[in-house]
Amino acid sequence: MMKLAVLVHNLRVSLLHIENRLLQVAGLDRQLAPALAVNGPSLLPQPSREDEEQQSSEQPPGIFDSILWMAAPKKRRTIEVNRTRRRAESKLIKVKTNIEPCPECGHLKQKHILCGFCYTKVRRETALIRERINAMEGGPLRAPTMETVIIYEGERPSQQDKDKRIVERARKRPAWFSY
Amino acid sequence: MMFPPQLPDEPRRPAEVYHCRRQIKYSKDKMWYLAKMIRGMSIDQAIAQLEFNDKKGAKIMKEVLLEAQEMAVRSHNVEYKSNLYLAESYTGKGTYLKRIRYHGRGMFGIMDKVYCHYFVKLVEGSPPKTEERTSLDQAKEYVQGLKNRTIIHGL
């Protein structure tokens with residue numbers, strides 16, 4: 001696409017040049033005024049040096065050289081070459097050896113990551129507790145300046161939980177939720 | 001796959017289950033890596049590996065394997081659902097949709113919306129043990145083959 005613009009520019013410049021030369025030959029480019037008459041050649045050398053400098057400074061120097069040093073593939077890569085690159089040992093997926101069953105629920109988990117099933121189980125319960133707390137507080141930024149204790153059905157707050165805020169939940173304490 | 005009925009003194013042929021999913025919105029080359037990983041594994045190991053893989057195709061492949069396992073137990077006379085291994089697992093190209101991708105200067109390219117198929121064959125039994133040949137063994141065998149060359153009926 002760039003070559004087209006350059007060609008168009010070159011054509012325009014050359015046409016202008018031809019036009020100037022024709023005007024000079026016809027004698028119409030000089031404004032009629034008292035001037036010095038000199039005996040010399042009719043076609044004077046044009047002050048075209050600045051034009052060339054202008055032209056070369058517009059384009060990058062050696063525009064035709066840059067096309068030659070652009071990198072391009074020489075030949076089509078065969079499917080054998082492509083396959084050896086794509087199926088190299090480093091590009092294949094490695095088998096994981098750190099998967100084991102979770103002792104609590106029996107689902108699979110990675111050794112250094114929490115079990116997904118147990119985590120969703122705990123998240124659901126905490127979401128319900130948070131809803132209860134929001135209902136108790138009524139609005140944002142109204143948390144009391146004391147600790148919270150969650151009491152399930154059939155339980156009573158113990159001696160340690162005297163100064164704490166009590167959040168009641170109307171269900172049986174889940175087996176995994178220790179005191 | 002249809003076989004003739006087995007004679008009473010032939011060894012029992014292990015049960016085979018073929019399953020596939022068509023037109024999965026994923027690239028066949030990207031799916032191939034996962035298919036290559038689980039080729040030859042037992043079904044439990046394959047499901048475990050796919051569960052903890054982060055690729056989009058892993059989730060789809062896990063569903064396909066679970067479906068195939070259930071099909072095997074229900075209608076293909078397989079006794080234990082863990083006693084299966086992956087004999088074949090490969091991908092194929094689905095029918096692509098073509099769309100226009102707009103470039104600068106009024107140029108355009110034709111974009112392919114890729115789809116792939118995934119095929120799996122479960123066979124009853126424990127997975128076969130492939131002998132691991134190191135490169136040193138392969139080199140030794142090659143040299144031995146060169147040494148065994150001789151001219152027959154020569155002096």
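This is a predicted model: local features need pLDDT of at least 70, side-chain atom pairs count only at pLDDT 80 or more; totals for chains, interfaces and linings use all residues.
A search of the whole structure found 4 aromatic pairs over all chains. In one of them, A:Y152 and A:F177, the ring centres lie 5.8 Å apart and the planes meet at 75°, so the pair is edge-to-face; the cut-off for this class is an angle over 60 degrees. A:Y152 is located in the loop between β3 (148–151) and β4 (165–168) of chain A, whereas A:F177 is in the segment after β4 of chain A. The pair therefore ties together parts that are 25 residues apart in sequence.

A:Y152 has a relative accessible area of 2% and is buried, while A:F177, with a value of 23%, is partly exposed. A:F177 also pairs with A:W176: the centres of these rings are 5.9 Å apart and the planes are at 10°, so this pair is stacked, planes under 30 degrees apart being assigned to that class. A:W176 is partly exposed as well, at 34% relative accessibility. Together, A:Y152, A:W176 and A:F177 make up one aromatic cluster.

Charged side chains were examined in relation to aromatic rings. In chain A, A:R173 lies over the face of A:F177, at 5.0 Å from the ring centre.

Definitions and conventions: Residues are numbered from 1 along each chain as its sequence is written. Chains are lettered from A and ligands numbered from 1 in the order in which they are written. Side-chain values use heavy atoms; hydrogens and water are left out. Rings of Phe, Tyr and Trp (its six-membered ring) pair if their centres lie within 6.5 Å; planes under 30 degrees apart count as stacked, over 60 as edge-to-face and the rest as tilted. Helices (H or I, at least four residues) and strands (E, at least two) are DSSP runs, numbered from the N terminus. Buried means under 20% relative accessible area, exposed over 50%, partly exposed in between (1.4 Å probe, protein chains only). A charge sits over a ring if NZ of Lys or CZ of Arg is within 6 Å of the ring centre and within 35 degrees of the ring normal.
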